[in-house]
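These are my notebook entries on one protein chain. I set down what I looked up, entry by entry.

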Amino acid sequence: MTIQTAFTHIVTSLEPIQGQREAANIAHIVMEYVTGMSKMDRIVYKERMLTAEQTTQLTAAVKALLAHEPVQYVIGSSWFYGMELQVNPHVLIPRPETEELVEWIVQDVRATHASQPRILDIGTGSGAIPLAIKKELPQALVQAVDVSEGAIQTAKDNAAKQHLDVTFELVDILNKAAWAHLPIFDIIVSNPPYICQRESADMQEQVVSYEPSLALFVPDDDAMLFYREIGLMGKEKLRAGGVLYFEINEAFGKETAAVLEGMGYVEVEIKKDLFGKERMVKGVWK
């Protein structure tokens, strides 16, 4: 088939489950992945025939997409903060709102003129947060941990591809003995699991079925699990005046802030994302 007929085939196949606009967006992503050609080149060479290998790739991609597999997993990559990162079912697909969390940290560090801040990211997944921070703050000493071996390997691969010096380590943050050896930090940041199990019924199938549940869900009766445990860790691993940053469940902004305040954090602030949702919290360790 030609490039044009291949594009039309993807859109027609996906439209019943994605709608016309999203089907077209996904088709462009898949066609760039299959052909290696930009959108403009695909328009110019729309009558060019796909090779047998490209046709096989396209057929497999459409089959996966029809099974609701996220297109980022199908093509093996996702964009975050201007970086193309490897993603797979070991890691969450980076979300645009998390870029706002990175921007908040970067702005705060630049405002303090810190010469070499030591920063820890907890539950790093693909490494999106620490890599973006290191990209913007090359002078920072950046470390990251995760409980998943697959996530740590993915993050290391992304760091190598981006030529960014970030240290990654396998650590279960819920086990104090596992993190006791870590040094003192100026900043700890985390986008931890924060979705209650009961919320899964209202989530998209492609998220529930394919993205790692370990990185998504907390028990219904303990929504603050990771905020509480990381907050307690911060009391031991943040220097005086150090700052803790979280991405949060929009439904629990006040509850998350109350957890930090109850532990003795000061200047606790809830920040809304571009859509007006409460998605970030920070607190200063006194």
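**Entry 1: helices H6 and H7**

I began with a helix pair and recorded that H6 passes H7 in a right-handed crossing. A crossing is termed left-handed if the near helix is turned anticlockwise from the far one by less than a right angle, and right-handed if clockwise. I took helices (H or I, at least four residues) and strands (E, at least two) as DSSP runs, numbered from the N terminus. The model is predicted: local features need pLDDT of at least 70, side-chain atom pairs count only at pLDDT 80 or more, and totals for chains, interfaces and linings use all residues. Residues are numbered from 1 along each chain as its sequence is written, and side-chain values use heavy atoms, with hydrogens and water left out.

For H6 and helix H7 (residues 128-136) I noted a packing angle of about 40° and axes 10 Å apart. Axes are lines fitted to C-alpha atoms, for helices over the stretch in contact, and angles run from 0 to 180 degrees between N-to-C directions. I then listed the contact (heavy atoms within 4.5 Å): H6 contributes Thr-98, Leu-101, Val-102, Ile-105, Val-106 and Arg-110, and H7 contributes Ile-129, Ala-132, Ile-133 and Glu-136. I sorted these residues into seven nonpolar, one polar and two charged. In this sorting Ala, Val, Leu, Ile, Met, Phe, Trp, Tyr, Cys and Pro count as nonpolar, Asp, Glu, Lys and Arg as charged, and the others, Gly among them, as polar.

**Entry 2: the sheet**

I traced an open sheet of seven strands, with mixed pairing and the order S5-S4-S3-S6-S9-S11-S10. Strands pair if DSSP finds at least two bridges between them. At the edges I found strand S5 (167-170) and strand S10 (265-272), each pairing on one side only. The twist from one strand to the next averages 15°. Helix H6 (residues 96-112) packs on this sheet, where I found it touching strand S6 (185-190), S9, S10 and S11, and its direction makes about 160° with that of S9. I also placed helix H8 (residues 149-162) across strand S4 (141-146) and S5, running at about 170° to S5.

**Entry 3: strand S11**

I looked at S11 next and found seven of its eight residues buried; buried means under 20% relative accessible area, exposed over 50%, partly exposed in between (1.4 Å probe, protein chains only). Strand S9 (residues 238-247) runs antiparallel to strand S11 (residues 278-285), and five bridges join them. Glu-247 stands opposite Met-280 in S11, and Leu-244 has Gly-283 of S11 as its bridge partner. S10 is also antiparallel to S11, with six bridges, and I paired Val-266 with Val-284 in S11. The hairpin of S10 and S11 has five residues between the strands, and there Gly-276 takes a positive phi near 80°.

**Entry 4: Met-263**

I located Met-263 in helix H12 (residues 253-263). Is Met-263 buried or exposed? Met-263 counts as buried because its relative accessibility is 13%. Not counting residues up to four places away in sequence, I found that Met-263 touches Arg-228, Gly-231, Leu-232, Lys-235 and Trp-285.

**Entry 5: helices H2 and H4**

Finally, I examined helix H2 (residues 20-35) and helix H4 (residues 52-66), which pack at an angle of about 145° with axes 10 Å apart. The crossing of H2 past H4 is right-handed.
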